[in-house]
Each structure stands twice: as structure tokens, then as C-alpha cells.
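Look through the sequence and the structure below before reading on.

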Amino acid sequence: MPKKTVIPFGPQHPVLPEPIHLDLVLEDETVVDAIPSIGFIHRGLESLVEKKDFNEMVYVAERICGICSFMHGMGYCEAVEHVMDIDIPDRAKYLRTIWCEFSRLHSHLLWLGLLADGFGFEALFNECWRIREQVLDMVEMTTGGRLIASVNRVGGVLKDITPDMLKQMKAVAENVGRELVPVADTFLNDYSVKSRLCGSGILSKEDAIALGACGPMMRASGIAVDHRKSGYAAYGNIDFDVITSNDCDGYGRVYVRIQELFQSVEIVRQAIDKIPDSEEIMIKPKGNPKGEYLMRLEQPRGEAFYYVKGNGSKNLDRFRVRTPTFGNLAPLVHTLKGAPFADVPLLVLTIDPCVSCTER
Amino acid sequence: MKSFHKSPWLLHYDASSCNGCDIEVLACTMPRYDVERFGIINTGNPMHADIFCVTGGVNEQNAPVVKQIYDQIPEPKVVVAVGTCACTGGVFKECYNILGGVDKVIPVDIYVPGCAARPESIIDGVVKALALYQEKHDKMVKEGRGLPEGE
């Protein structure tokens, strides 16, 4: 019986842009158990609802996480809109959809880069981030911020996108699609990349359901769950298929995310073609929210919940967020068991961890 | 010691930020901004680092980690607080768990504002940190604690 050793992983670690701590129990080179401890980025921002009114909370909700910032703001706004029974203008719905897909593009590209860095492929890392800059440029052009867009308001969006900008956004999205082809080819067909990804971090279909995985992690285990299909914002009018893979391993997760990038380009194209011409992009909310609502939406990392409860005053009673990485932590611990020690950074990356979201 | 001035190594740590500034710090090393052409390298080891970029408002659990990393960086060192949260606590200032600014935990030399701080301003902050680094180094030499330049 080999002796067990405990190796601490994190909170400060070269592959992690954010702090998370894992206690890895090793037998020789094999991980037999992993005990995650979180809380390094816990800010307690949900409690800010007591101090800030429901309009100001949009800014706080956007800062849950800098990567999917737009979708956090939108999730909160949609939840409050449902409570207040506001039907936002159609154009605003389409604008939200376009920005959502741009966030997805930049988030997935960021992750692909970090993954390439995780297995030591620096050139691929740089290439992914080079493509990502074009996406950020479009976000900056239309909203004014590279990461924190701050265009969502309860009742719609603050800024409109002019027809010229829409044309440019479409061109950039199509260009991203073109430039992605060789990158996708390297990720999916390169011998060295495949030897690193195939068969690592296996999560079977049954385990994925039992452990409550979400997002690309769930879809890579062959389960077609995508909350965009529930038709929030303008997704109901857009034609797309849920991408799944039956590989159940790291390769499957890369495959799903790469196909989603191409899908996002297609959704942006469709949304820009279908966007209705109108001046109206915002309805000013009247009164204060009273009642409760649970909003679910599909973030780049998976399904996120936004629960709001209003009591009729300008401050909400409760705001609760459950983010995708939290759901994926249990599957992560499961995939780590039995993995070689050298694979740990890679496996941590394959769930696309966003610790800021998880701990809020 | 010229080599330090020409090639400062940078350590980045997320002390309870929203991730936005962290991504921008990483974006600095990417082809668009490419700070590596100035010799700035993003390292993961505190013992190799010269400049410490901290983002976020530091919470109770993270404070000892930040302190520990700071202690591990060899002298001379420059601390750059990246982003509004790292400067003052920002939007999270009123949160129960946030100490409010990196300077509550470790001494900070350069403050880079912005939410999220733009790569240009982060690079500007790091360049300012270089001058300070030289100053600190010269002071150490004067006190007989470091090697003079060229040795």
C-alpha cells in the first residue's frame, strides 16, 4: 500500500488566473482524492441589495464576473423585468442577443487560449487571444467598455447599435469564423493536442446527471441541455441546434466549445439579419418590484440562476445567483480522482473555471 | 542590475476581483499589446518576480495569501494595484467581506484606475513601476544591501 501524500494546489498557481485551492491526495503519481476549498474571492455582493436600489444593482450584478459580465447584468435585468411585468422592446431583445453571443465568442476564445497554455502550446494560446481582440473591439465600439459593457438597464438597453456598426459587427463575426478554422483544426486534429486531451477527465453520461454538471461539460457528456432553447431574449426566433459530443472527455469539451464558437457566429449573423427597425430600445420602469422570479440563462460556462425577490420598496429583499462553475465543481472533483498528477492543471481548466462567479 | 530594468518579471495575483482586470493583465502579454517585446514576462513564481500586480479589493480569506506572496518576492519589489477595486475597494467597498484596497494589506507603490483597467493603463503603470524599481534598487546599493549595476 503506497503512502498517501497531500499536495496543495493553489490558491496562487501559474495556470490559474484566479485563486482556488485544492488539496490533492496522491498515491505515487495518481490523485486519489481532491478536496476543494473556495472563498478566496467571496465578496458578498448579494448583500449589497440592502444598500443599493434595484437600478443600481445592475452595475453590481455586472461585476459578478468580468468575463460573462454582460450576461450577468442581463440575467438580473430579465429577472427584475419579469417581477415588474415589463415586456422590453423587440429591438432591445435582439441587441441583447447580439451582445450575448459576442460575450460567448470572447469567453470561449479566452478559454481555448488558457487551455492551450495549460498544455504548453504558447503559439496557439497567442493565436486564440489575437482573434479575441477583434471581438473585444466590437464590444468596445458598441458599448464603450472592453469587458464591463454596462449597457443593460431594467427595461431594456441603454445604447442602440447603428446600422453601420451592425454591418461591421457582422463582418467581424464572419472574419472570426474564418480565422477560427485553422485554430479549430489544430485543436481537434493535431496529434500532440489530441494525445493530451483524448481520454483525460472522463465524465460519463450517468455521472454528469448525478453530479449536476452544466453547460459544455454536460453537453460533452452527450446530454443536450441548452437554456438558450428556452427562448429568453430573442433566442426564440433564432434557429440553432444544441451541440453535443459523446466523447465524455477533455477532447469532447474542446469540440463542444469550438462548435459553439461557429454557432455563435451564425447566431450573430441571424440576429443582425432579423433585427427589427425601431427607435424604441428601453421602457422606463414604473414603481418598484414586488414579487419573486427565478431567471435561468445559458452562460458560456453553463446554466446560471438569478433569483430576485422584491417587497415593493426600491431595495430588493433578496438577490441570489447560482453560477455554472459551482455546478461543475463536483464533476471536477470526480474527474480528478484517478487522474495522473501532471493532468491536474489541464483537468481544472477543462471545466472552464470562473471562480469570481462561483464565490461572488 | 541593468537586466532587471530591461526585463522586469511580473507576478499577477487575483485578490478578490471580478476577473475583469485579471483578464486585462493577461491581455497585455498577448499579440495586440505584447509587453514581452519590452522584456516583461508574466511569471508564476513569486521568487522570480520583480513587479507584483494585484487586482481586487482583498477579502478576509485572501489577505494572508497576498501578504505571504508579497513576503516571498525578493527585494527590491514594486507593487502595482490594478483596477478601481484594488485602489479603493470600488463597487464592492460596502461589502461585508472586503477590506477595501490592496494598501490595507501590503504597501502599494502604483495605483492603476479603471473598471476594468485597460491594458494601456496597466502597461503605463508597469512602466512607471520600472522607474520606481530603479530608485529602490539604487537606495539599496547606497545602504550596502545590493549589488551595484553591472555586477
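The contact between the two chains takes 35 residues from chain A and 29 residues from chain B; two residues are in contact if their C-beta atoms, placed from the backbone, lie within 7 Å. On the side of chain A that touches chain B, the elements giving two or more residues are α1 (57-62) and α4 (122-143) of chain A. The largest share of that side, 4 residues, comes from α4(A). By kind, the residues of the side of chain A that touches chain B divide into 18 nonpolar, 10 polar and 7 charged. Here Ala, Val, Leu, Ile, Met, Phe, Trp, Tyr, Cys and Pro count as nonpolar, Asp, Glu, Lys and Arg as charged, and the others, Gly among them, as polar.

A word on the model and its labels is needed here. This is a predicted model, in which local features need pLDDT of at least 70 and side-chain atom pairs count only at pLDDT 80 or more, while totals for chains, interfaces and linings use all residues. Residues are numbered from 1 along each chain as its sequence is written, and chains are lettered from A and ligands numbered from 1 in the order in which they are written. Helices (H or I, at least four residues) and strands (E, at least two) are DSSP runs, numbered from the N terminus.

Now turn to the sheets of chain A. Strands of a sheet pair through backbone hydrogen bonds, either parallel or antiparallel. Two strands are said to pair if DSSP finds at least two bridges between them. In chain A, 3 strands form an open sheet in the order β1-β2-β3, with antiparallel pairing. β1 (4-9) and β3 (30-37) of chain A stand at the edges with a single partner strand each, so one side of each is left without a neighbour in the sheet. From one strand to the next, the twist averages 20°; angles run from 0 to 180 degrees between N-to-C directions, and axes are lines fitted to C-alpha atoms, for helices over the stretch in contact. β1(A) is joined to the antiparallel strand β2 (residues 21-27) of chain A by 6 bridges, and A:V6 stands opposite A:V25 in β2(A).

Another open sheet of 3 strands has the order β6-β7-β8 in chain A, and its pairing is antiparallel. Its edges are β6 (290-299) and β8 (316-322) of chain A; each has a single partner strand, so one side of each is left without a neighbour in the sheet. The twist in this sheet averages 10° from one strand to the next. Between β6(A) and strand β7 (residues 302-311) of chain A, which run antiparallel, there are 10 bridges. A:Q299 has A:G302 in β7(A) as its bridge partner, and A:R296 has A:F305. A hairpin through 2 residues joins β6(A) to β7(A).

Which helix packs on this sheet, touching β6, β7 and β8 of chain A? Helix α10 (residues 324-336) of chain A does, and its direction makes about 130° with that of β7(A).

Helix α2(A) has 16 residues. Of these, 15 are buried (20 or more other C-beta atoms within 10 Å of a residue's own, C-beta atoms being placed from the backbone), so α2(A) is largely enclosed by the rest of the structure. Just after α2(A), A:D85 takes a positive phi of about 60°. α2(A) and helix α3 (residues 90-118) of chain A pack at an angle of about 145°, with their axes 8 Å apart.

Conventions:
Expected span 1.5 Å × (residues − 1). Buried ≥ 20, exposed ≤ 12 C-beta atoms within 10 Å, placed from the backbone.
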